[in-house]
Amino acid sequence: MEVEFFENRIKYKTQSEAINFPDDIMKKEGKISYHCDICNKSFSQIKNLTRHKYIHTGKKPYHCDICGISFSEKGNLTIHKRIHTGEKPYQCDICGKSFSQVNHLTNHKRIHTGEKPYNCDICDKAFSHGITLTTHKRIHTGEKSYQCDICGKAFSENCHLIKHKRTHTGEKPYHCDICSKLFSQTGHLTTHKRVHTGEKPYHCDICGKSFSQNDHLTNHKRIHTGEKPYHCNICGKSFSEIGHLTSHKRSHTGEKPHHCDTCGKSFSEISHLTTHKRIHTGEKPYHCDICGKSFSRSSHLNTHKRIHTGEKPYHCHFCDKSFTHGNTLTIHKRIHTGEKPYHCDICNRSFSHKSHLTKHVCIQKSNCIGVS
């Protein structure tokens, strides 16, 4: 028995010494390490090395049987399938919100904890997500590594490039399940849905007014602060909203990029075009909830409602008289200032009201016709 055991020991030892490890397998301190023969990265398990090599070969052996998309890792396929099934197995124990990926839950929890573990080594700003820090650092470096192959424009984030490309392709992959309207960005769809739900999640901490969009709240707060961060480089005028600056600059350039496809008339602002088109369509989307009268412009509805409320928000600082319309106050002030901005180019007489000038010109032209 002892002889047999001794012979077996020699047999196994001899077999062990005879094993020839491949070049990409090395023994170190009693542990086997598997090395990638392309980039020399090391792995403790051969299956990890096999999966890693797919990065170099581009092989994607795991296929979705629903949409056909392929993946290099089985785990990624499992996560992907949840898009089709709607499965969200990871739930927040604080607010109950569910997620399809565990890392999404981890990131979400930082909303509750306020944890920001990722710090910028340039400006010390902290972030709750690693990818947000990576993106932030490009502010300092100016790096824009994602370039549009159609127009050449460069972006600091791939998601911005993807959104940008839709301006070329016209793709609108996000659908409203209530009215079927299409959108090029998921954020635009989310904002749009609030038209249907009436949700206004952004609240002003000064006056309590609520908004459906965060940028609307940001703009609103400047009413309280008086901040006007956008400056015209031509005349120096300042604005609280960048859109107002863009529109203002067209007063210098004369640009009118928005064209009516019915009559060809051009406008400097798209909102003016939208309002103008209602002349052709007869659309009056703004309805008075008191008398039911409809209007083509929101401002006309607001003015109309003052008939019912008796509100007169425009006050003359000369005599304290109040008016329901801003332009009525402007005309009224000319009584105090003596301003007469409307001039007749026939006799050089001036008027405080445009209608007075119009009547005067008609009389002048009639006299001229009579004389001739």
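Residues are numbered from 1 along each chain as its sequence is written, and side-chain values rest on heavy atoms, with hydrogens and water left out. In this predicted model, local features need pLDDT of at least 70 and side-chain atom pairs count only at pLDDT 80 or more, while totals for chains, interfaces and linings use all residues.

The chain has a mean pLDDT (the predictor's confidence in each residue, from 0 to 100) of 87, and 90% of its residues reach 70 or more. Over residues 1–28 the pLDDT is below 50; this stretch makes 15 contacts (heavy atoms within 4.5 Å) in the model beyond near neighbours in sequence.

His276 is part of helix H10, which spans residues 270–281; helices are DSSP runs of H or I with at least four residues, numbered from the N terminus. When residues up to four places away in sequence are not counted, His276 touches Cys260, Cys263, Lys265 and Phe267.

The structure holds zero disulfides, a disulfide being a pair of cysteine sulfur atoms within 2.5 Å. For Cys92, the closest cysteine sulfur is that of Cys95, at 3.8 Å, which is too far for a bond. The sulfur of Cys207 likewise lies too far for a bond from its closest cysteine sulfur, in Cys204, at 3.7 Å. Cys92 is buried, at 2% relative accessible area, whereas Cys207 is partly exposed, at 43%.

Conventions
Helix = DSSP H or I, 4+ residues; strand = E, 2+ residues; numbered from the N terminus. Buried < 20%, exposed > 50% of the residue type's maximum accessible area, 1.4 Å probe, protein only.
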